[in-house]
Amino acid sequence: MPRRLLILGSTGSIGTQALDIVARSEDLELVGLSAQTSWETLVRQARDFGVDRIGLADPDAGARAGEAWTDGEVLSGPEGLVRLVVESEADLVLNALVGSAGLGPTVATLGEGIDLALANKESLVVGGELVNQLAEATGAQIVPVDSEHSAIHQLLAGEDRGTVDKIVLTASGGPFRGRTADELRDVTVEQALAHPTWAMGGKITIDSATLMNKGLELIEAHHLFGTPYSQLDVVVHPQSIVHSAVQLCDGSTLAHLGYPDMRVPISYGLHYPERAEVPLRALDLAAVGSLTFEPVDTDTFACLRLAREVGEAGGTAPCVLNAANEIAVHAFLAGRLRFLEIAEVIQHALDTVPTGQIHAFETLYRADRAARDAARELVEERAAA
């Protein structure tokens, strides 16, 4: 029997590549799709794949989809996405939503005991402690779809966790690798969106330019693999061929290599524990020629330093960091904030919003709201200056 699959965020970069994999697979049956606002693309996908239930997080977009598409049911708003998950009878949910909006559907998926292919790193950054407890309670599996975490998941498959000395996440360094803070003062949105090796959505691409993406991945790795921060490291690797490495107690290091293509970790997440063929060229090391590595400059790229600090602090601090970052990145993309001010807005929120232990998901929602308010306040001040 094919595995029944629901894709959340099907119109984005991860979602569209996942649909390419579904189209090539006889082992996956699509039972639902969702998007934030792109209702026209979502309706077209539903027609192409014969799906009769879709969800739109934006109620206005949901209303327009409902008027234009009469071949099935349209669910809208955050509650609609949760209903889509709960009522889908899916065996697997791919959460490819962007930002903290992915937390609710992650909770709904795991609460129903449905396995989760997770591309929404914010689910674990914001609510990792509670999300892990929920997965353990229901027995649902979380299989990471981020390229780095997928690589680690594969590298650890045959290892006793006690033999692992360190997990090393690799970072391309983004478009501004090697630049000083002075050289980054006046960079444009277009320059920040010009990622050297990966094609991604706007928010994630800016996060890669600030190295916040790697900071979020650091926190995600801590929750996914139960690894202390003292055993998590980040190294810059411009070629993006080595996706991550694991150092073992006997002095050996295992690495996962391949050309940068998100269809590999997506396919792994959708087919796990099996593997399926992906039409990609095999890695030719001689053609690659050389692989280089260098330390991270956390003085210039302060977002990575802040992410490690809040990860180690735990509680609601990562939630505050993530919420403030979403506001700051949106403001930068809109031309209302300078590139280096992204980290300043995040620091302001961390200094302003009290943080503490997580008692329930409502604790996270309150911290998220307070952090967004604090971040917006500083953005308005900078925009008006």
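**Domain contact and local geometry in a predicted model**

The C-alpha centres of domain 1 and domain 3 lie 26 Å apart. The structure is a predicted model, in which local features need pLDDT of at least 70 and side-chain atom pairs count only at pLDDT 80 or more, whereas totals for chains, interfaces and linings use all residues. Residues are numbered from 1 along each chain as its sequence is written, and side-chain values use heavy atoms, with hydrogens and water left out. The domain assignment places residues 3-144 in domain 1, residues 146-258 together with 269-297 in domain 2, and residues 314-384 in domain 3; such bounds come from an automatic or database domain assignment.

Between domain 1 and domain 3 the count of salt bridges is zero (a side-chain nitrogen of Lys or Arg within 4 Å of a carboxyl oxygen of Asp or Glu).

Across the whole structure, three aromatic pairs are found. Rings of Phe, Tyr and Trp (its six-membered ring) pair if their centres lie within 6.5 Å; planes under 30 degrees apart count as stacked, over 60 as edge-to-face and the rest as tilted. Phenylalanine 176 and phenylalanine 339 form an edge-to-face pair, because their ring centres are 5.1 Å apart and their planes stand at 80 degrees. This pair links distant parts of the chain, 163 residues apart: phenylalanine 176 lies in the loop between strand 8 (164-171) and helix 8 (181-184), and phenylalanine 339 in the loop between helix 15 (317-333) and helix 16 (341-352).

Most residues other than glycine have a negative phi, and most peptide bonds are trans. Tyrosine 272 and proline 273 are joined by a cis peptide bond, with omega about 10 degrees. Proline 273 is located in the loop between helix 12 (263-271) and helix 13 (285-288). Glutamate 89 has a positive phi, near 55 degrees, and is placed in the loop between helix 4 (77-86) and strand 5 (92-95).

Note on methods:
Helices (H or I, at least four residues) and strands (E, at least two) are DSSP runs, numbered from the N terminus.
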